[in-house]
Amino acid sequence: MLTEIDFAYVSATELARRVREREVSAVELLDACIERIETRNPSLNAFVYQGFDDARNAAESADAAVRSGAELGALHGVPTAIKDLFDFKPGWPATFGGVRALKDFSVDGYCLFAERVEKAGAVIVGKTNSPVMGYRGACDNPLFGATHNPFDTARNTGGSSGGSAAAVADGLVPFAEGTDGGGSIRIPAAWCGLYGYKASFGRVPSVVRPNAFGSTMPFLFEGPLTRNVEDAALVLNAISGHDPRDVFSLDEEPHDFTTDVHRDISGMRIAYTADFGIFPVDRRIRAAVEQAVQLFRDAGATVEEVDFRIPYDQRQLSDLWCRQIMLVNVCAFENFKSNGVDLLGEHREDFPEGYLRWADHVYNMSTAELNEDYVMRSAVYDAIQAVYTDFDLLVSPTLSAMPVLNAQAPGTTVGPTEVEGVEVDPYIGWCPTYLTNFTGHPAASIPAGLVDGLPVGMQIQGRRYADGDVLAASGAYERLRPWTDIYDRCRTRTL
């Protein structure tokens, strides 16, 4: 019989193969997954809802499909998790990141990630923790509390997809859903030693209602958190592809992104920046990533440091992100209000003070102010796009700061208030990741090693729609510096 130890740290690709070839059943995988969650989740607070009964029904159906000789999806029988934010499965709780007023709320529908991975045969076992409305780079909320980093459980996982990241890094599931409006896939990937992938805008549909244009304010994404590059490509195959419900969904021929993982990158031109010209960066992170980026030369690419000319400082841009993301939140508040739930009125105490400040601000913005924000965003796009005149990829540290300690009071953990002596916004200012949510370029965070026993992430971004290039560079890096051994720190931690 398969045990939770046999299941842990086996890739999604390999598990799907074993199910297809009847080496293991989907029910056996699920049993091992449940055993591991029940044993280890109490120390992590990664899962905030366990949908084991629904998962068992799905696993039994998956096994019946194998026995019948039916056509099987690429993720058939593989356990996974979705996030508790703007992410839904019928009948399951949807607290939007631990909003206390929504503790019993549910949505009678699917988010696209859940819809498509189930179509590919995956078995969703539960929902993972997230901050209130996804608004911060740490994972903590007043309803469920903070998620603990499996590399050091006194520290945070990063957010907003922090529960998913902890679950994958600790071997509870082989992959999990992340969503990304400012780095929420890549931030926890960096702090939890994972590979987190955010596709080009439009490649993975974003089905948002009642405002079908809401996924542009800033660009919003769904994507995978995995322990290797090939698994991320496999999941990308499952969730990408045209959907007529999405105004911006790319209508193109299907592509197998797993083939890109094994591509040669000889001759690729890679730009490197430590700070985009504006961000303070922890010197330990800077040193680790500067060393890691040199491996691309060993793979046959050229690497050259570039200067940026963004006409705003990091605090102006983090404030811009706060205003942009709050536009999405305002749409959500108005939708709830039209359905009889006045979250910012009757339940205002459920939201952090810093969040409420920006919510009030955005409700009172003028059209001229909204336009000026898009002018600022355009300047960021132009600065990043200019790099691709001469280069194929842009590499940088994923984050400016190392994982922070969790706060004592539930819902109060945030990032640092300063980095290398420079003041930053503790919600998002230490996360250069949000720049690509202004621009829509594909980007991944890949492990760049450990510093003082804690993971550091390196971001690889590419031209718009050149997802294959990002995956190819990621695969080349992984072959030169595989990181599977870093999970020994999670595997052997004291429970």
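How far is the sulfur of Cys-331 from the closest cysteine sulfur? The sulfur of Cys-331 lies 17 Å from that of Cys-322, its closest cysteine sulfur, which is too far for a bond. This is a predicted model, in which local features need pLDDT of at least 70 and side-chain atom pairs count only at pLDDT 80 or more, while totals for chains, interfaces and linings use all residues. Residues are numbered from 1 along each chain as its sequence is written, and side-chain values use heavy atoms, with hydrogens and water left out.

**Cysteines**
- The structure holds zero disulfides, a disulfide being a pair of cysteine sulfur atoms within 2.5 Å.
- Cys-331 is partly exposed, with a relative accessible area of 28%, where buried means under 20%, exposed over 50% and partly exposed in between (1.4 Å probe, protein chains only).
- Cys-192 is buried, at a relative accessible area of 0%, and the sulfur of Cys-192 is 7.8 Å from the closest cysteine sulfur, in Cys-490, so the two are too far apart for a bond.

**Helix H6**
- Helix H6, spanning residues 162–169, is mostly covered, with eight of its eight residues buried; helices (H or I, at least four residues) and strands (E, at least two) are DSSP runs, numbered from the N terminus.
- The buried residues of H6 include Gly-162, Ser-164 and Val-168, and H6 is followed by Gly-171, whose phi is positive, near 75°.
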